[in-house]
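Open the structure in your viewer and keep the selection panel at hand. The tour below goes from one selection to the next.

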Amino acid sequence: MGKESFLNVNVKVWRQRGPKEKGEFKTYRVEHVSTEMSFFEMMDTLNEQLINKHEEPIVFDHDCREGICGTCSLYINGRPHGIDDAITTCQLHMRKFKNEETITVEPWRSAGFPVIRDLMVDRSAFDKIQQAGGYTSINCGAAQDANAILISKVDADEAMDSASCIGCGACVAACKNGSAMLFVSAKVSQFALLPQGKVEAARRAKAMVARMDELGFGNCTNTRACEMECPKSVKISNIARLNREFIKAKLAD
Amino acid sequence: MAIEHIMDPALSRIPEGKLADKWTNYKAHQKLVNPANKRKLDIIVVGSGLAGGAAAATLGEMGFKVKCFCIQDSPRRAHSIAAQGGINAAKNYQNDGDSVYRLFYDTIKGGDYRAREANVYRLAEVSNNIIDQCVAQGVPFAREYGGTLANRSFGGAQVSRTFYAKGQTGQQLLLGAYSSLNRQIEKGNVTMYARREMLDVVLIKDKEGVERARGIICRNLVTGQLERYSAHAVVVATGGYGNAYFLSTNAMSCNGGAAIQIYHKGAMFANPCYAQIHPTCIPVHGDIQSKLTLMSESLRNDGRIWVPKKLEDAKRLQRGEIRGHQIPEEDRDYYLERRYPAFGNLVPRDVASRAAKERCDKGFGVNSTGLAVFLDFSDAIKRLGKDVVADKYGNLFQMYQKITDDNPYETPMMIYPAIHYTMGGIWVDYELMTTVKGLFCAGEANFSDHGANRLGASALMQGLADGYFVLPYTLQNYLADQIQVPRFSTDLPEFKEAEDGVRAKIEKIMAVQGSRTVDSIHKELGHIMWEHVGMGRTKAGLEEGLKKLGELRKTFWKEVYVPGEANSLNTELDKAIRLLDFIEVGELMARDALHREESCGGHFREEHQTEEGEAKRDDKNFMYVGCWKYMGEGKEPELYKEMLDYQEIKVQTRNYKS
């Protein structure tokens with residue numbers, strides 16, 4: 001364990017009552033914050049302070065607190081999931097901050113993700129994109145023996161890397177166009193790399209891209225901000241693969 | 001003492017015939033529903049994890065109309081997603097002597113002979129179908145260079161039967177179930193209701209006067225409004241109640257609320273005292289900590305667990321004067337390898353946890369709190385090279401480093417046991433139906449398959465077995481009698497009554513306006529649970545714990561403060577409602593632990609141990625499932641014993657030494 005020390009921080013938080021209401025920044029002071037605490041434990045402490053003063057706590061999404069469920073979000077000091085690489089906000093620790101620092105905390109800001117309250121946003125659009133084609137169309141109960149399908153370790157590992165997307169939405173939040181291409185391409189790639197997914201590859205690529213467009217996400221202009229900020233390091237080469245799959249599908253029409 | 005009854009064995013509805021034929025016979029003779037009728041039947045599934053998500057998707061594929069509910073913002077975020085290490089199946093792809101029987105045997109033995117034979121055998125039987133199904137879905141399991149599936153070993157087994165996808169197996173299996181669910185949502189067979197929390201089940205009497213589950217009351221967590229939903233049957237797959245301890249490896253929203261609600265409506269709660277304490281978690285660091293992080297059991301494939309042999313070395317570690325890697329080989333005590341030569345570092349979780357506690361209680365802990373042991377990879381790195389270790393465990397090492405700021409490639413990890421899983425849960429029969437007709441319970445929420453201790457990589461197996469391969473059959477068998485029953489209106493008085501009850505409870509909570517936050521009371525509950533109903537339990541400690549829990553309930557009703565409004569988004573109210581149910585879960589756990597005068601699996605009574613400190617079971621008096629029946633508010637629940645009758649397996653003392 002690192003050496004524990006204590007910080008005082010000023011937390012500048014976006015507060016917004018509802019999707020249609022005007023929001024504003026409010027600054028709160030939190031003292032004696034241990035460097036061993038996670039960022040959310042600091043937020044818990046702040047919320048306890050607020051509740052004890054009979055104010056409403058800051059609403060933010062969080063659940064597993066170990067970087068896998070994809071529930072947490074937040075722009076912290078101008079970066080999705082904060083100032084460390086390849087982590088989610090729940091894996092961010094206070095040892096990354098300085099004493100007397102002002103920490104700016106904002107929700108994902110994107111047309112695709114309307115604010116529900118404070119820092120909590122609505123990401124149901126992501127589910128809708130997956131519903132358009134993020135699956136293999138097989139019913140339970142009829143599968144052949146698992147080892148009947150041989151898959152090279154290289155393909156399996158690459159498919160796993162694509163499949164590691166946690167659906168947090170950092171890619172959309174980081175993108176100046178509000179594009180969901182990294183998210184969509186991760187799923188399309190996973191299936192395009194595996195024989196089980198090839199059967200419907202064309203239909204899937206078209207359907208998921210069409211749904212993404214319908215839901216108001218922007219286009220990709222290869223800025224690579226998504227790749228930089230992805231907590232699971234999902235690579236932009238997935239987008240290249242999605243483009244190939246999409247063009248292949250369109251040419252076959 | 002609680003009033004005790006012996007349960008009628010017929011209630012368990014175990015099919016006739018030889019153990020290996022029971023499930024085949026059941027499927028051959030069960031009742032079916034034709035496609036036209038399936039469309040007219042509604043099923044509510046509460047929970048979208050491996051059990052709930054898989055059930056909802058599969059029932060949708062079959063043609064039933066499904067309404068699926070989850071408290072998260074998306075079904076993809078259910079806590080099954082956090083499972084790291086893997087999923088067991090009896091494929092015997094490694095040719096190491098595995099079979100359905102051996103998986104069944106290991107699971108019964110691992111559960112310390114406190115699980116029902118017929119259910120466990122079926123679990124082992126369908127385990128292979130699960131792997132086939134997941135591969136067909138496109139789950140990217142780890143593979144060998146030849147293209148076949150890879151396996152690793154887990155605790156409590158001498159074969160390699162665990163399938164995995166890096167350290168993210170739960171994520172990949174859940175996303176598989178989620179993808180099937182999405183396909184059914186798109187087709188219109190499943191309607192998904194996210195950010196909804198079930199707060200009661202609705203029972204309606206049929207023509208014969210039998211009460212059946214016909215709907216639920218939910219709170220919409222965004223609007224705060226109460227909502228009513230009806231169906232012909234209800235499945236509760238809402239996970240475990242480990243968060244009663246406040247600190248656990250569970251996600252923040254995991255709760256025992258749905259289980260307590262249906263317990264109040266007549267479903268029995270079985271073996272509540274069986275909680276799993278996982279041996280390899282990152283140690284507690286301070287009072288403000290919000291949760292504990294698991295380090296996968298798969299790490300015990302290559303990691304070796306040790307503490308110093310010399311007390312003075314331990315003291316220096318505790319004072320931070322030296323680090324683990326500075327202690328020479330001959331001064332290290334690999335206590336699991338020493339005590340359990342046959343299984344070594346891969347003993348089951350309960351055994352490994354108690355052994356860690358024993359060393360730390362004797363003063364050999366290795367961090368500043370004295371509550372940690374080492375999990376060391378230096379040998380594995382020497383043997384396999386850093387790259388191979390990184391390929392196998394890279395994401396777990398990264399997770400560890402982000403939390404602790406320590407590099408596990410260079411210095412041993414520090415770990416300590418933490419609450420991880422609850423084997424106890426709602427009692428179900430062979431068909432996974434509770435003691436309420438039409439109310440089913442699946443996954444961690446039921447008590448079904450793990451006895452007193454769950455083996456690693458078996459939770460994913462059980463969740464998916466229940467969801468993909470058991471409920472689709474047994475629900476159909478139940479619904480075959482219901483094809484004449486029209487859909488239910490939510491305007492019926494039973495719905496109103498249930499909703500009024502929920503509203504009254506919420507108003508009562510909001511009205512307290514005391515001076516303590518929900519979390520401060522929840523933390524107090526956690527301390528009581530860990531101290532009195534934790535790893536080592538005693539009669540006096542449990543009695544004291546029960547008293548404290550009663551007082552805590554009074555504290556809640558006198559001092560809790562919930563800001564904001566009831567009919568709006570209110571995260572503090574969400575937590576307050578769950579906390580009240582956790583206090584009741586805690587009381588049930590303590591009561592059950594107090595009555596079970598033996599040590600078995602995750603339940604260790606200090607009065608009942610061998611001279612070597614191993615758990616001492618009492619098969620003569622306690623070879624049963626302890627089921628608690630709710631008798632009304634403020635009244636003691638009554639105990640029903642489902643006697644366990646082992647036909648196939650010879651009951652023995654668990655031995656992992658030779």
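Here a residue counts as buried when its relative accessible area is under 20%. The model is predicted.

**Stop 1: the helix.** Select helix H10 of chain B, residues 349-361. Of its 13 residues, 10 are buried, so by that cut-off H10(B) is mostly covered. The buried set includes Arg349(B), Asp350(B), Arg354(B), Arg359(B) and Cys360(B). Val351(B), Ala352(B), Ser353(B), Ala355(B) and Ala356(B) are also buried.

Next, check the length of H10(B). With 1.5 Å a residue, 13 residues should span 18 Å, and the end C-alpha atoms are 18 Å apart, so the two values agree.

**Stop 2: after the helix.** Move on to Gly363(B), which follows H10(B) and has a positive phi, near 100 degrees.

Stop 3: Select strand S10 of chain B, residues 233-236. In a regular strand, side chains alternate between the two faces of the sheet. Ala233(B) and Val235(B) lie on one side of S10(B), Val234(B) and Val236(B) on the other, and all are buried.

**Stop 4: the neighbours of that strand.** Which strands pair with S10(B)? Strand S2(B), residues 42-46, runs parallel to S10(B) and is joined to it by four bridges; Ile43(B) stands opposite Ala233(B). Strand S18(B), residues 439-441, also pairs in the parallel sense, over three bridges, and there Leu439(B) is the bridge partner of Val234(B).

Methods:
Residues are numbered from 1 along each chain as its sequence is written. Chains are lettered from A and ligands numbered from 1 in the order in which they are written. This is a predicted model: local features need pLDDT of at least 70, side-chain atom pairs count only at pLDDT 80 or more; totals for chains, interfaces and linings use all residues. Side-chain values use heavy atoms; hydrogens and water are left out. Buried means under 20% relative accessible area, exposed over 50%, partly exposed in between (1.4 Å probe, protein chains only). Helices (H or I, at least four residues) and strands (E, at least two) are DSSP runs, numbered from the N terminus. Two strands pair if DSSP finds at least two bridges between them. The expected span of a helix is 1.5 Å times one less than its number of residues.
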